[in-house]
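Subject: Structure handover and findings

Dear colleague,

Please find the structure below, with an account of what was found in it. I would be grateful if you kept it open while reading.

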Amino acid sequence: SDASFKEIALGGTFDRIHAGHKVLLGESLLRTRSRMVVGVTQKEMLRKKTLPELILPLQDRLSDLRDFLTSCDPTLEYSLVGLTDPYGPAIHEPQLEAIVGSEETKRGCEKINEIEHMC
C-alpha cells in the first residue's frame, strides 16, 4: 500500500457529497493505513456558510459520509465526529499523524499544527 500514515484527520461540512469532497476523501483514503478521523461541522460552525438553513442535518451528513467511505474502503476504521470548534479531535488525539486539508481549510490546518507543536 502507498498509504504513509497510520491515522489521519480531516474536517469539513460534507453537505451533499460532491466531486470536491470525493477528491479530498479519496486522497485521504490513499494516505491512511488504519484509521481516519473526520470532523463534520455542526450548527454552531455553520453560521458563516451561505444559506446555512439548506445544509442537511448533522446525522444525515455523518451517515452519507460513512456510506461513502465504507463503500470506498471497508477495511479502515472511521471515527466521524461533529465539530463544535475549528480544531476538533486533531488537537486532542496525539496518535493522529497527519491532517489532510483543502485550500479552504489551509488556515485551520496551519493553526492546528501550531497548537500541536506547543503541546
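In helix H2, the buried residues are Leu58, Arg61, Leu62, Leu65, Phe68 and Leu69; buried means under 20% relative accessible area, exposed over 50%, and partly exposed in between, with a 1.4 Å probe and protein chains only. This is a predicted model, in which local features need pLDDT of at least 70 and side-chain atom pairs count only at pLDDT 80 or more, while totals for chains, interfaces and linings use all residues. Residues are numbered from 1 along each chain as its sequence is written, and side-chain values use heavy atoms, with hydrogens and water left out. Helices (H or I, at least four residues) and strands (E, at least two) are DSSP runs, numbered from the N terminus.

Seen down the axis of H2, its buried residues fall within an arc of 135°, so they line one face of the helix; the arc is that of the directions from the helix axis to the C-beta atoms. Gln59 and Ser71, on the other side of H2, are exposed. The buried residues of H2 pack against H1, E2 and E3, where contact means heavy atoms within 4.5 Å.

Which residues touch the most other members of the largest nonpolar core? Of its 19 residues, they are Leu10, Phe14, Met36, Val38, Leu65 and Leu69. A nonpolar core is a set of buried Ala, Val, Leu, Ile, Met, Phe, Trp, Tyr and Cys residues joined through side-chain atoms within 4.5 Å. Two or more residues each come from E1 (5–12), H1 (19–30), E2 (32–41), H2 (58–72) and E3 (77–83). H2 gives the most, with 5 residues.

Finally, the strands form an open sheet of 4 with the order E3-E2-E1-E4 and parallel pairing; two strands pair if DSSP finds at least two bridges between them. E3 and E4 (98–99) stand at the edges with a single partner strand each, so one side of each is left without a neighbour in the sheet.

Yours sincerely
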